[in-house]
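I opened this entry to look up a few things in one model. My notes follow in the order I checked them.

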Amino acid sequence: MAERVQQPPAKRLCCRPGYNPTCRQGQRAGGAACSGSGQTGSCKTQSPESLLDIAARKVAEKWPFQRVEERFERIPEPVQRRIVYWSFPRSEREICMYSSFNTGGEESGAAGENGDESRLPFRRGVALVESGCVDNVLQVGFHLSGTVREPATATEPEASYSVSISFDRCKITAVTCGCGDRDIFYCAHVVALSLQRIRRPQQARLHLPISETLLQMSRDQLQKLVQYLITVHHTEVLPTAQRLADDILSQNSQINQVHGAPDPTAGASVEDEKLLAPGRGTGAGTGEALPLARRLPWQRQAAQPPLRQGA
Ligand SMILES: [Zn+2]
């Protein structure tokens, strides 16, 4: 196998010291249990699906994105976009399942006792989507965000919540919502944002992982981006920005011991591969993987060195 000498661009946190880009892993991905059975029935197009879409859909179900990046030296942007596009869950049934388990908080307690299904988070989420309460749907890589408006009721004024969802191979891996919910069981707002993306994917603005966008920028553009970011959010980010700047300028700091930097929108790393496989982790016995609660890509730190093919 010919050795490539250059390191790849440092757009993503290299998960191991001494990263060797010649490590191409030929083995198949670990058989994630994305059934893909949840067709919504809204796909009644008469033109055949493109070969790119068919391939991207399959890759999005099975492969951690880092494996795709490592396997191929260069992935054209349109291909990346379709993989990112198809990586969001496609099954409303799963969204229903994980929201219906919600037993805490004000949302579902009443539903269980009174049998009032309209109070269930899933039903409320459906109602929010159908009444057009979901806005600003933005997908950056493997991260979806949006705002969900709760109309005023007799007792409560109108409220608006920021919702974000991380996902990987057609499974939701983490959610946060301005209403305070951040567990693996979804509130009505998470349901609403998910359903909006499943039912009207064309209305979500789609971008590649942020590290890809940064890669296209010149040094001046990067400086401008960082300064604007700090200006807009200086109260929140200035202490962190200064600490990171000090660390980056210090040769011995931990941040300089590894190549690259974390990207919360970059999708799954190779060591996440087994976590979504059936029979592993919390989904054991059901044949279906449960979402990985609160596990975000930037938490990848200690990784096993990958197997080298033919070594
Ligand atoms: Zn919420």
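I take axes as lines fitted to C-alpha atoms, for helices over the stretch in contact, with angles from 0 to 180 degrees between N-to-C directions. Helices (H or I, at least four residues) and strands (E, at least two) are DSSP runs, numbered from the N terminus.

I noted that this is a predicted model, where local features need pLDDT of at least 70, side-chain atom pairs count only at pLDDT 80 or more, and totals for chains, interfaces and linings use all residues. Residues are numbered from 1 along each chain as its sequence is written.

**Helix pair.** I looked up helix H9 (residues 219-232) and helix H10 (residues 234-249), which pack at about 130° with their axes 6 Å apart. H9 and H10 are therefore oblique to each other; angles under 35 degrees count as roughly parallel, over 145 as roughly antiparallel, 65 to 115 as roughly perpendicular and the rest as oblique.

**Sheet.** I found an open sheet of five strands in the order S4-S3-S2-S1-S5, with mixed pairing (two strands pair if DSSP finds at least two bridges between them). Strand S4 (171-177) and strand S5 (205-207) are at the edges with a single partner strand each, so one side of each has no neighbour in the sheet. S1 (residues 134-140) pairs with S5 in the parallel sense over three bridges, and Leu 138 stands opposite Arg 205 in S5.

**Confidence.** I checked pLDDT, the predictor's confidence in each residue, from 0 to 100. The chain mean is 75, and 66% of its residues reach 70 or more.
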